[in-house]
Amino acid sequence: MLRELILFLEEFVRGHGPPAVAKAAVGLMSFAVLMGAALGSTAVKAGALVTAVLVITAAGIALITRLKSEQRELEVHKDLVSHYCKLLDARRPSCEVLDWDETITVDERGNARTSLKIKLQAAHDDLWFVRMRFGCGWPQPSRYRHRVRTTVRNLLANGSAGTTLRTTLPWPRDGAMAAIAHFHAPPPANSEVSLTIDLVWPKRCRQLLEGAPDEFALLYWQPVKRAVYRIVLPPGVEVVVEPISKADEQTGLKWRRKVETDGKETITFKVSDLPVRQRTGIRLQLKETRRTSRP
């Protein structure tokens, strides 16, 4: 009987939505109180309240089940959009990255905020989207996903922020996020377009603050003229730096270090005319292991 009740309530939720469940719960509780007051029996009051609580509990189960089902379906659609966009990029790159300027600021708990400015040149008249991918240095579990915040905006010619772009945010695996920004209208071929991306990612750099090596790297599927990557560390944190691969040593990857007046160290590396599909960057590790609080 309980199973049939839950199925009935699930259909009710599908047809009327969560607000209807809340209204029904209030109505049931009110009805139970009125019945108890009218009949004046303690047993009747208790029975009415128990019945109302059971129905409300069943409605809650149905609502949670429905929401989880819709969330799974949404994730499937996001993965499909990401897959098709990746296939389109692979068949015919629609843009060239002229300039990539990324700054990631890490706090003492391993939370990271990324500020990114990108200048693109449209290769064709059908540049409807740009697809990017961001990673975490450890296989962060899925419970962190709902805490990640991403905002993508147009950057106007005078340097001011424009309107926000619709984004699709699939997660190919734990600790890896794709961001697909959809343009309001495709820019003309050979024209330039600039974007700003603000990405807030809790515990993204936790392993670095716990003493494990962490990599900060760039990899592109389209040609890139110039890229700059800055890592801003928490005050007083000291790290050792090395290139992530022999190829970086051979190409002469350079980085510089600067400690600001507030005690934060900024490590910057630059690359020019980066080869397609070649991962490049630096690896950091604390000089001394620190303790950080876990979630």
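Modeller: The model is predicted. Its largest pocket has a volume of about 1100 Å³. The lining counts 42 residues, and R133, F134, G135, A217 and L219 are the closest to the pocket centre.

Take the lining by element. At least two lining residues each come from α3 (42-91), β1 (95-106), β2 (112-122), β3 (129-135) and β9 (214-218). Strand β3 gives the largest share, 7 residues. Now take the lining by class. There are 25 nonpolar residues, 12 charged ones and 5 polar ones. Rolling a probe the size of a water molecule over the atoms shows where empty space is left.

Next, the packing. The largest nonpolar core holds 53 residues. Within that core, W100 and L284 touch the most other members. In soluble globular proteins, nonpolar side chains tend to be buried together.

Strand β8 (residues 192-201) contains T196. T196 counts as buried because its relative accessible area is 17%, under the 20% cut-off. Beyond four places in sequence, T196 touches L116, K117, T151, V152, R153 and L155.

N190 sits in the loop between β7 (176-182) and β8. N190 is not a glycine, yet its phi is positive, about 70°. N190 has 58% relative accessibility, so it counts as exposed. K203 lies in the loop between β8 and α4 (206-209). K203 also is not a glycine, and its phi is positive at about 60°. K203 is buried, because its relative accessible area is 2%, under the 20% cut-off.

Finally, the whole chain. The secondary structure comes to 5 helices and 14 strands. The chain has 295 residues, and 40% of them are buried. Among contacts with a separation of 6 or more, 75% join residues 24 or more positions apart. The accessible surface is about 16800 Å², with 57% of it belonging to carbon and sulfur atoms.

Definitions and conventions
Residues are numbered from 1 along each chain as its sequence is written. This is a predicted model: local features need pLDDT of at least 70, side-chain atom pairs count only at pLDDT 80 or more; totals for chains, interfaces and linings use all residues. Side-chain values use heavy atoms; hydrogens and water are left out. On a 1 Å grid over the protein atoms alone, a cavity is a set of points where a 1.4 Å probe fits but cannot get out, and a pocket is an open set with protein on both sides within 12 Å along at least five of seven lines; lining residues have an atom within 4 Å of a point. Grid points are joined across faces, edges and corners, and a volume is the space filled by probe spheres set on the points. Helices (H or I, at least four residues) and strands (E, at least two) are DSSP runs, numbered from the N terminus. Ala, Val, Leu, Ile, Met, Phe, Trp, Tyr, Cys and Pro count as nonpolar, Asp, Glu, Lys and Arg as charged, and the others, Gly among them, as polar. A nonpolar core is a set of buried Ala, Val, Leu, Ile, Met, Phe, Trp, Tyr and Cys residues joined through side-chain atoms within 4.5 Å. Buried means under 20% relative accessible area, exposed over 50%, partly exposed in between (1.4 Å probe, protein chains only). Contact means heavy atoms within 4.5 Å. Accessible areas come from the Shrake-Rupley method with a 1.4 Å probe; for residues, only the protein chains shown count as cover.
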